[in-house]
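Dear colleague,

I am handing over the structure below, and my notes on helix packing and on a few individual residues follow it. Please read them alongside the coordinates.

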Amino acid sequence: MWTLVVSGLTVFMAALDNLVVITALPAIQKDLGTSLQDLEWTVNGYTLTFSVFLMAGAAAGDRFGRRRVFLAGLVVFTGASAAAALSGSADALIAARAVQGLGAAVVMPLTLTLLTVAVPERRRGLALGVWGALSGLAVALGPLIGGAVVEKISWEWIFWVNVPIGVLVLVLGLWKLAESTRPDTSLDPVGTVLVSLGVFGVVYALVSTTEHGWSSGRVIGFLAGGLVVLALFVGWELRTAEPMLPMRLFRNRAFSAVNAASLLMFAAMFGLVFLLTQFMQNIQGFSPLEAGVKMLPWTAMPVVVAPLAALLTARLGNRLVVAAGLLFEAVGLGWLASVVSADTAYADQVPGLVLGGIGLGLFFSPVAEMAMSIVAPRDQGIASGANNTFRELGGALGVAVLTSVFTTLGGYGSPQEFVDGLRPAAWIGAGIAALGCLAILTAPRGRTVSGETQVVSSGAAEDSYTGNLPSRSRN
């Protein structure tokens with residue numbers, strides 16, 4: 001119970017900071033006199049370090065103790081939140097956000113591993129469901145919470161609010177969390193450096209597309225360099241005796257499918273949230289708080305749907321429920337693309353927002369359980385880090401691709417110009433979610449652990465794993 005409280009509060013806080021700052025950007029610009037590029041890097045600085053250090057954080061937890069590394073990352077995140085609130089310049093804010101992302105990268109994958117280890121298998125599905133729901137809810141509620149805080153208090157408080165929560169979680173963690181490690185693991189310094197540099201190159205290129213364009217030498221150079229380094233990382237991991245990310249995991253079709261689906265869902269979701277919050281404020285004239293409230297049919301739906309998702313996974317297995325979530329998301333985004341116009345009535349948008357929210361509710365909890373149940377217990381730490389890395393890469397990719405489509409076909413010049421860019425971006429977001437649905441369906445009905453497949457019967461419900469895995473987990 002206490003591990004769920006600690007993990008839930010932490011994942012909500014860390015995931016929230018991915019998007020909570022977006023609605024505060026106009027206030028930050030006015031107060032600090034920042035440029036457009038500075039505002040972009042207020043968001044991107046967090047995304048960049050978060051993406052880069054996820055794998056390293058998970059590996060460090062396996063080696064040095066998950067509780068110990070988790071608490072250290074929490075101290076970094078909380079301290080950086082205070083530094084961001086105290087920032088008197090754009091450079092100081094960007095630096096604090098980067099350190100914040102580092103702390104979040106350390107704690108985020110370890111919340112899932114600590115929870116999986118601590119909760120008895122008979123209650124593990126419910127615990128992972130709560131974890132997944134809180135993660136999705138935090139991402140979706142970012143604009144609402146950010147808007148409310150900025151409008152009613154000040155932008156600094158979107159960072160100050162992390163401090164008491166961080167201190168509370170730190171005290172609870174010191175008091176209640178049990179230590180766990182992967183006893184047979186050792187550090188892979190070469191692999192850690194290669195994957196960090198490779199992810200840095202790719203994410204830096206993606207977040208730079210808005211400022212420099214896809215054809216610029218900077219974007220092409222960093223993207224190509226990152227991909228080359230990641231290829232070197234794969235080559236090293238195939239040869240080294242103690243890899244940080246065993247490549248055999250990717251021979252497991254379910255592991256590959258889960259990570260592909262996570263990347264595509266986050267790409268669709270982040271890209272559309274980024275543009276839709278601007279549409280509601282800049283075109284429809286809503287205040288930051290009003291825009292957040294108008295998003296509630298999407299953002300609050302995961303809370304309503306989570307119990308239904310748990311019932312469905314008990315009967316159908318996680319694979320089909322995750323696929324249904326991605327399909328609902330695709331239909332919801334397609335609905336928004338079909339109705340959006342410069343004078344769209346809010347009521348016309350509600351069905352699309354509700355469908356998208358149902359998709360989130362069906363996706364987050366089952367995909368978290370599936371990600372942890374398709375690997376052996378000794379690989380759960382690094383599997384969590386890998387899955388979170390793919391999610392963050394998806395978020396950065398989605399914002400880069402959909403914003404690029406938006407600026408190519410539309411822009412900020414007029415309401416009609418904004419809609420001319422938003423509509424095709426929303427259609428592409430729907431297509432990305434649909435690809436995610438196809439990706440998760442490539443996972444075998446059989447359960448695979450470390451490359452070994454167990455064939456299941458032809459009934460609707462799937463058989464359980466054997467051995468050391470949770471007997472009630474389903475993929």
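Axes here are lines fitted to C-alpha atoms, for helices over the stretch in contact, and angles run from 0 to 180 degrees between N-to-C directions. Helices (H or I, at least four residues) and strands (E, at least two) are DSSP runs, numbered from the N terminus. This is a predicted model, in which local features need pLDDT of at least 70 and side-chain atom pairs count only at pLDDT 80 or more, while totals for chains, interfaces and linings use all residues. Residues are numbered from 1 along each chain as its sequence is written, and side-chain values use heavy atoms, with hydrogens and water left out.

On those terms, helix α16 (residues 318–339) packs against helix α17 (residues 346–373) at an angle of about 155 degrees, and their axes are 7 Å apart. That makes α16 roughly antiparallel to α17, given that angles under 35 degrees count as roughly parallel, over 145 as roughly antiparallel, 65 to 115 as roughly perpendicular and the rest as oblique. The contact of α16 with α17 divides into 19 nonpolar, seven polar and four charged residues, where Ala, Val, Leu, Ile, Met, Phe, Trp, Tyr, Cys and Pro count as nonpolar, Asp, Glu, Lys and Arg as charged, and the others, Gly among them, as polar.

Within α17 lies Q349, which is buried at a relative accessible area of 3% (buried means under 20% relative accessible area, exposed over 50%, partly exposed in between, with a 1.4 Å probe and protein chains only). Leaving aside neighbours within four places in sequence, Q349 is in contact (heavy atoms within 4.5 Å) with F279, M280, Q284, L336, V339 and T344.

A second pair is formed by helix α1 (residues 2–16) and helix α8 (residues 162–176), which pack at an angle of about 150 degrees with their axes 10 Å apart. That angle makes α1 roughly antiparallel to α8. From α1, the residues W2, V5, V6, L9, T10 and M13 meet N162, I165, G166, L168, V169, L172, G173 and K176 of α8. By class, this contact of α1 with α8 has nine nonpolar, four polar and one charged residues.

As for α1 itself, its 15 residues should span 21 Å at 1.5 Å a residue, and its end C-alpha atoms are 21 Å apart, which agrees (the expected span is 1.5 Å times one less than the number of residues). The buried residues of α1 include V6, T10 and M13.

F77, in helix α4 (residues 66–85), counts as buried at 1% relative accessibility. Not counting residues up to four places away in sequence, F77 touches M13, A14, D17, Y46, Q100, G103, A104 and N162. F77 and V163 are 86 residues apart in sequence, yet 8.9 Å apart in space, C-alpha to C-alpha.

A60, in helix α3 (residues 36–64), is buried as well, with a relative accessible area of 18%. Apart from neighbours within four places in sequence, A60 is in contact with G65 and V69, and A60 and T192, 132 residues apart in sequence, are 9.7 Å apart in space, C-alpha to C-alpha.

Finally, for the protein overall, there are 19 helices and two strands, and buried residues make up 60% of the 475 residues. Among contacts with a separation of 6 or more, 81% are between residues 24 or more positions apart.
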